[in-house]
Structures are given as C-alpha cells and as structure tokens.
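Here are my notes on this one, in the order I'd go through them. Have the viewer open while you read.

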Amino acid sequence: HDGLANLKEGQRLLEEKNFDRAAFHFWRAVLVQEQNREKYSTEEAFHPFLQCFALQDRAADAFVFVAQESFGRGQYDMAKTYAAQALQVAPKNSEALTIL
C-alpha cells in the first residue's frame, strides 16, 4: 500500500473537514510507515490522525481505537498505555476500562 498516497488523501480530507475518512487514511499511513520511512515519519501521520478525533471532541475515541488496534496485534503494553490515555480524557470510558 502506498502510505504517502494515504497521507496526502488524509490531509485533503482533513482540509474538507471530513474527519472520519481522513482518520482512516491517516491510520493506514501509520500502519505502512515503516515501508515508507524515507517519505514521511510516523508522527506526520499519527498527529493528524489524533487531530481528526480531537477536532470532534472525541480524543478518547482515538486513544481507544489505538489501544484496541495494539491489543489485536499483541502489543499489550502499548494497548494499556493508550487505554490509560483515554481514561485521562474520559474517566468512565467502558472500552478503555475493558482493555485495562
């Protein structure tokens, strides 16, 4: 997959305020960043991914999403870290509590 194309599409959609679709493309860019190291950094895709949620007052949802994705990949420490971040924003978030 072309991570740079996903990054650029995410940027375009973010400018149009199509936050959910933009987040999808930014996340795809995050997932394939390692194969695209010379083209963009993880942060260049991850920061706007989080921004898509924050601009909708849904920061906790972003952290829960990353926690669930991490858990599914067997990255349990990372999952717990992002679940804890979700709880800092939304202390009663049931999805984050489930991960912890």
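1. A quick definition to start: a nonpolar core is a set of buried Ala, Val, Leu, Ile, Met, Phe, Trp, Tyr and Cys residues joined through side-chain atoms within 4.5 Å, where buried means under 20% relative accessible area with a 1.4 Å probe, protein chains only. This is a predicted model, so local features need pLDDT of at least 70 and side-chain atom pairs 80 or more, while totals for chains, interfaces and linings use all residues. Numbering runs from 1 along each chain as its sequence is written, and side-chain values use heavy atoms, with hydrogens and water left out.

2. The largest nonpolar core has 30 residues, and Phe26, Phe46, Phe49 and Cys52 touch the most other members. Helices (DSSP runs of H or I, at least four residues, numbered from the N terminus) α1 (3-15), α2 (19-31), α3 (42-54), α4 (59-72), α5 (76-89) and α6 (94-99) each supply at least two residues. The largest share, seven residues, is from α2.

3. Take Cys52: beyond four places in sequence, this residue touches Leu14, Phe19, Ala22, Ala23 and Phe26 (contact is heavy atoms within 4.5 Å).

4. Then there's Ala79, in helix α5. Ala79 is buried, at 0% relative accessible area. Setting aside neighbours within four places, Ala79 contacts Ala67, Ser70, Phe71 and Ile99. Ala79 and Ile99 sit 20 residues apart along the chain, with 7.2 Å between their C-alpha atoms.

Notes. Buried < 20%, exposed > 50% of the residue type's maximum accessible area, 1.4 Å probe, protein only.
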